[in-house]
Amino acid sequence: MAPVATSWTRQSAGVLLFSALVAVALLGALPVEAQDAAKEPAYRSFPLIGSRLAVWAVAQLHLNFAAFILGVPIFAVIIEIIGWRTGEERYDWLSHELVKLTFAAFSTTALLGALLLFLFVGYYPRFWAYMTSIFYPTYGVYALLFFAETFTVYLWYYGWNWLRGSRKWIHVGLGILSNLFGTAILFVANSWVTFMMSPAGITESGALQGSVWAAINNFTWMPINIHRLIANIVFGGTIAAAYAAFRFLGAKTDEERARYDWMGYIGNFIALAAFIVLPFAGYWLGREIYAYNQTMGITMMGGFMSWLWIIQAILIGILFIGSNYYLWLGMERIPGSERYRKYVPYLLMILAAGFIVWATPRSMVVTLDEARVMGGTHHPVLGFLGVMSAKNTAVNLMILTTFLSFVLYRRANRISAKPWATTGMALQWLAFAVAAAVVTFYGVYGYFVESIVRIGFSVYQVLAVLGAIVVVMAIDIPMFKGARSTGTIRWGTIAPRSQYVLILLAVTFTWLMGLMGFARSGIRQHWHVYGVLRDSSVDAVTPALGYAANMITAVTIAFFALVMFIFWLGGLGEKGAAEGHGHAPAPAIAGGSDPPA
Amino acid sequence: MRLPVGVKVAVFSLVVMGAYTYYANSIPQIESKPPQELSLEGGNVTPAQLVKAGEEIYKTKGTCEICHKIGEKGTRAPDLAGIGARAGKMKPGMSAKQYIIESLINPNAFVVEGYPPIMPAVDKPPIALNRSELWALTAFLESLGGTVDVTLNDIPATAGAAASAAAVAEFKIPGDPKAGEAVFAGKGACIACHKAGKLGASPVGPDLSQIAKIQTPDYIMKKILDPAGAGTVAGYPKGMMPPTLGQTLTAREFTDLVAFLQTLK
């Protein structure tokens, strides 16, 4: 029996509907508002903290919630499809559990979005009037999509029991449809944000020239669409995994622990799978920023923001090492994994070396005397590791290593029964070796060519890694079909510290999102719309990283406090109905599976 | 005593975020400040002062240093050491200053072999140097191995037009704020409706105590001269502000008043 909709979720739905109506009404009123704004002061001052901090806090919170509610349904519907096709009830439970989490956060997202709009209209009226003069036609589309998304999610969530059995395909279709609407909403909102970074389709004075499509389809629009879409999946996965970890740590029974251990594994698996391709989307975005404006690109990577990428490297290094550590800990609950544990120290060494290289700054913080001794601010040896050639090589090798960890985890309790298994494994190792060799070759070669040539090398490195992933999986899937089992995964017996790793990943990724948001917004410097509408407010100074970090931490704390509150509220309604779904020891997906005996 | 899971998780998360925040506060702290506008038109300036101002622009607002090094071969853009001497030989019939000016405002007219055509026109946004700044920058580049002979008249009158359109942030009001305070409290009678810091207390019109923080100088000037055209602040009655200040105040009193309002932050 599926969980019933509680009175709390009905109230939440009411808030959601109300929020949707408010947002749509507000969007409809925007043209009038914008005309009035043109006569209004350029800026108003928000009490106490100032307008910039108010917008920053609400925008970051809104993005965090939006990323969660857009990311989770993508894999929730995939899990539902797996459950539908395999007949495994537990997948259906997990999918419903995930959608329940997003549903609880849906109304908060809408309310924060409306609040952000109020702040723009109220405190940055001239800026908003300008944006309206360009993007007015998209407001109606956004409003319609918002309605469509709201009602589809409603039907998806509340129709869970109604659309079972032979009508399940309709339910799955609703899930897919809600994802399509959600993605479209993301794309529309991204057009506004990316226009501010890389305006297009306008005259020199900033007026719209021709169709609004040219303004939408600016240089950074599609790269950010893809980057955010993937990042949302990672983010959703880490938050879902952290939720499972929290429930695991507080679990009273073995059954509950097993259930949330499995959920945490799935969340981390999804996050990791998407995370592996995220840097490639980042490369594309970076390249498009350079293509749009060299000055902006150089300011981003080599100007006042250059140290931001060192912090980013540390955070991503922690994400890589944390994800791998979780997999290695997880292998301890898989009988038969002993044979692969000998590889772990080597994997750790590669990851640690990659982490160190990636986090090496090009310029050191040194005293004048130290600089004289070194002959500059670049360390004579380590300075060579601080450039893109070394860093691209490091991150690609870390991705390969992480993928190898996953491959070992995946086959931990399985022995291939195929006669060609030895050849298959040899080919897999060869694919790894070729990819590592290509990545290293272009990394070293990059030191001997001009930067304009070197930038192109990262494409070859990326293709080599992606190629290896495809080849290895193309062999792995048939090779382990019908494999012999060395034992069942002992869900729930994983070390509790693994759950703190999941929480670490969620906190780190959320913080990283805040940092990347600062990078995206900060590279505009003293422009609301780069090169078109100048920021002439008292907040036109782009703050230093320490200030930004303080702000990011404050908002991240607020986000997690809100999330915990919302999940706690969601859990209230669950009490007494927790046994709604049958929960036998959970199976695994895409890796930690229990193969047929 | 066993700590509740929620407390343990919260403390763990705070420690993680605290570590990130601490690190971010430990590295070099660099702000990006909006560039100041430089105006030399009508002013007496020596070549040495001009070169010094140009060097400052080269390193800051002009963002030249990001790609161009002096005495160091760059991969993105040519080394500018000795450009003052070389520039006169780059294009036949073009003097050093003409070549430099063309390179600044129309960089794709001649691209040095071996380098990509990536230089932006520096008189256009987002760099948006004005004529004075172009003059100073040209003088600085001429000084790198050549003779400084550029005058303001050498800079095309159309150059930097986009800069003035986009850059509304920084310019000095030539009035006297103290005299403006007297206008505010006296002849202008602004005090009858507006509060400005310690001056005035009437709630009839908006409080101007932080007007410079939330408004641009052009809005303030327009609001004084054409109150209805500049719109009425929400929540206040329309048509209350007298439209005659443009006629009753002298030009000096007007600029003094604006200068005073600009001090209210």
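Author: What follows is a set of questions and answers on the two chains and some of their parts. This is a predicted model, in which local features need pLDDT of at least 70, side-chain atom pairs count only at pLDDT 80 or more, and totals for chains, interfaces and linings use all residues. Residues are numbered from 1 along each chain as its sequence is written, while chains are lettered from A and ligands numbered from 1 in the order in which they are written.

Reader: How are H4(A) and H5(A) oriented to each other?

Author: Helices are DSSP runs of H or I with at least four residues, strands are runs of E with at least two, and both are numbered from the N terminus. Helix H4 (residues 125–158) and helix H5 (residues 168–197) of chain A pack with their axes 9 Å apart, at an angle of about 160°, where axes are lines fitted to C-alpha atoms, for helices over the stretch in contact, and angles run from 0 to 180 degrees between N-to-C directions. Angles under 35 degrees count as roughly parallel, over 145 as roughly antiparallel, 65 to 115 as roughly perpendicular and the rest as oblique. H4(A) and H5(A) are therefore roughly antiparallel.

Reader: Which helix gives the largest share of the side of chain A that touches chain B?

Author: Residues are in contact if their C-beta atoms, placed from the backbone, lie within 7 Å, and the contact takes 55 residues from chain A and 44 residues from chain B. Among the elements of chain A that give two or more residues to this side are helix H7 (221–249), helix H16 (497–522) and helix H17 (545–574). The largest share, 8 residues, comes from H17(A).

Reader: How many helices and strands are there in chain B?

Author: Read along the sequence, chain B follows the pattern α-α-α-α-α-α-α-α-α-α-α. The count for chain B is 11 helices and 0 strands.

Reader: Does B:Leu144 count as buried or exposed?

Author: B:Leu144 is placed in the loop between helix H5 (131–143) and helix H6 (161–166) of chain B, and beyond its neighbours within four places in sequence it is in contact with several residues, including B:Ile70 and B:Leu80. A residue is buried if 20 or more other C-beta atoms, placed from the backbone, lie within 10 Å of its own, exposed if 12 or fewer, and partly exposed in between. Because B:Leu144 has 20 C-beta neighbours inside 10 Å, it counts as buried.

Key: Contact = placed C-beta atoms within 7 Å.
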